[in-house]
Amino acid sequence: RHFYILTHIRYACLRDIQEKIDEHGGGFDEFTQAYKYYGIRVQPDNTIVCREWAPEAKGLYLTGDFNNWDRGNLPYKNIGYGKWELILHPNGNGSCRIPHLSEVKVVVLTQNGSKEDRLSPWATYVVEPPKSDGTIYKQKFWNPPFSERHLFRNSKVKRPKSLRIYECHVGIATSELGVGSYDNFAQNILPRIKKQGYNAIQFMAIMEHAYYASFGYQVTSFYAASSRYGTPEGLKRLVDKAHEMNIVVLLDVVHSHASKNVMDGLNRFDGTDACFFHSDCRGFHTLWDSRLFNYSEFEVLKFLLSNLRWYLDEYQFDGFRFDGVTSMLYHSHGIGEGFSGNYDEYYGLNVDTEAVVYLMLANYVIHRLNSQHITIAEDVSGMPGTCRPVTEGGLGFDYRLAMAIPDKWIEILKEQKDEDWNMGNIIHTLTNRRWMEPNIAYAESHDQALVGDKTIAFWLMDKEMYTHMSIMSEQSLIIDRGIALHKMIRLITHGLGGEGYLNFMGNEFGHPEWLDFPREGNNSSYHYARRQWHLVDDKMLKYQYLNAFDAAMNHLEEKYGWLHNQPGYISWKHEDDKVIVFERAGLVFVFNFHSVKSFSDYKVGVDNKGCYKIVLSSDDTVYGGQNRIDTSVIHQTECEGYAGRKYSMKVYIPSRTAIVLARV
């Protein structure tokens, strides 16, 4: 009863805000397109209208290259409700008063009488300064000639039934010792992704962030696409090219917190510690050292919801992965929380109702604009209703990241011997999700690749990867084991773990080492802030085998569609044999995790009679296997039931191999 009451209260709060938007916010379109009202906007006649929301400021001024940095001759007019406005008429020849790419700043007169330089919260192009000018990012007025603007040629991509996501970072997508570009990604990386069988990309670190090593999670300018990788037009070309290849493009959006930077961030924009954030301790995230939004403030809702629409409309993104949802949902931000699954954890006083309602509102906006848009929640708590419609009192997300799965794999690899792997525990982790709430399964993401941790490949093979990944090297049992288990871990996660699948860039071929961005602690080196594509392209190296298996998994899923089918039915898990068998989408998956035991004529239960043939074998030589399995053999079912299934058949399943069978 308590659950239903609070769910109804949340929905009632959502309806109240929707009504307030209609009555006092100008309606849906005006409220969610505030970027057309605020910031520095050029009108059709080249008049420039500048507006900002700075409720505690005593005055605002515009300054920049265009007025020789006079900090007082262009004051904004106070138009009420914390809003300020300045109108700059065109030059005598009809041109814009502010030239394209000239630097500008907003000067804020604070309550104590000081004048402070700020960047507009609505800035669309912000650049890193020359080293001689310090570290504070600069706002450049973005108003290119129409001949230099990218016009989209391709429509957004229809939501695929099965979502296979390639998580990526434009800056590290290069093999060079530097920062990759939007154009490099479009020309060189998109074809790789398409060939691998992924139908969606999830971009990290697009929203501008002054600190590169933050991985994009300390956002300073929310409306600016990162200039490290190129111009706004470059990002548009990249998205357009992905759509041409029928690839969905998702943005990793950070609305859970903001950088505490003052001079080039949102913090203290009007001279106070409030404005966009809570003003007391509630406005600070102690673990992330960042600021927390005040989701109850009408203008903050306008800023954030318009930010979502900005990327959907201006850059044609197809949806979002919302970062830090757990931190948003709870006043504790999930710090030190175990989340046992008890409903009191999800419907008690620790839940931040304002943030919950914001997420409901955000999903309502995104899906109202286009029902094909996709939203994914990064939530580790398992909040009930996260992936149920807002009309049911849910948060409205389409998917939730199955974050327990990568943690389980790392735990197993770090702490357990092969013979101690518990099949039941693995299965429980892979299948422990709420009914009718789709999950994105993944064996590892960018989190495991960061310095201080290891990827699955590195946990499995470690330093042996430096000496024994050549096909000419002497045999290494460590490498043989690593390649075998790498494939099996990814296949069972793909097949059983969710309704979508995600892989981080480079992990598909077992990229060695870790990720580490240039910083003081590593002498500003780019050595680990890149992807070494030559490793997988070199036919003399074994990385090609993992890459080929990853592609085979994706293409097989494309054919049979297990991700959008019913969850897998596990018919067999045997602890001594280390064997797992499950059926999904008419396929039969058989895994033998045993380190030494191989089984001939291993009995497997199936629910559909007929002839079965192996359509994927991890032991094929093309995937770095030992070719012990004859994939041409037809397996005929017998009428004798087994393992709770109507029929049975016998298969050969060598140690550390996995096979997938389909009816002929």
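Predicted model: local features only at pLDDT ≥ 70, side-chain atom pairs only at ≥ 80, totals over all residues.
Two cavities were considered. The count comes to 2 cavities of 30 Å³ or more. The largest cavity has a volume of about 50 Å³. Its lining includes Leu-119, Ser-120, Pro-121, Trp-122 and Ala-123, together with Thr-220, Ser-221 and Phe-222. Asp-264, Gly-265 and Leu-266 also line the largest cavity. By class, this lining has 6 nonpolar, 4 polar and 1 charged residues.

The second largest cavity has a volume of about 40 Å³. Among its lining residues are Glu-167, Gln-202, Arg-321, Glu-378, Leu-401 and Met-403. The lining of the second largest cavity divides into 4 nonpolar, 3 polar and 4 charged residues.

An unreviewed UniProt entry lists Asp-323 and Glu-378 under "active site". The two are spread over 56 residues of sequence, yet they cluster in space, with a largest C-alpha distance of 5.4 Å. From this set, Glu-378 belongs to the lining of the second largest cavity.

Asp-323 lies in the loop between strand S17 (319–322) and helix H6 (325–329). Its relative accessibility is 8%, so Asp-323 counts as buried. Asp-323 touches residues including Tyr-217, Asp-252, Met-328 and Glu-378. The side chain of Asp-323 also makes a polar contact with the side chain of Arg-321, at 2.9 Å.

Glu-378 is found in the loop between strand S18 (374–377) and strand S19 (399–401). Glu-378 is buried too, because its relative accessible area is 12%, under the 20% cut-off. Among the residues that Glu-378 touches are Arg-321, Asp-323, Leu-401 and Met-403.

Conventions. Residues numbered from 1 in each chain as written. Heavy atoms only, no water. 1 Å grid on protein atoms, 1.4 Å probe; cavity = no way out; pocket = protein on both sides within 12 Å on 5 of 7 lines; lining within 4 Å. Points joined across faces, edges and corners; volume = space filled by probe spheres on them. Nonpolar A, V, L, I, M, F, W, Y, C, P; charged D, E, K, R; others polar. UniProt positions renumbered as here; feature names shortened; annotations may be inferred. Helix = DSSP H or I, 4+ residues; strand = E, 2+ residues; numbered from the N terminus. Buried < 20%, exposed > 50% of the residue type's maximum accessible area, 1.4 Å probe, protein only. Contact = heavy atoms within 4.5 Å. Polar contact = N/O pair within 3.5 Å; in protein donor to acceptor, adjacent residues only side chain to side chain. Lists of a residue's contacts leave out its neighbours within four places in sequence.
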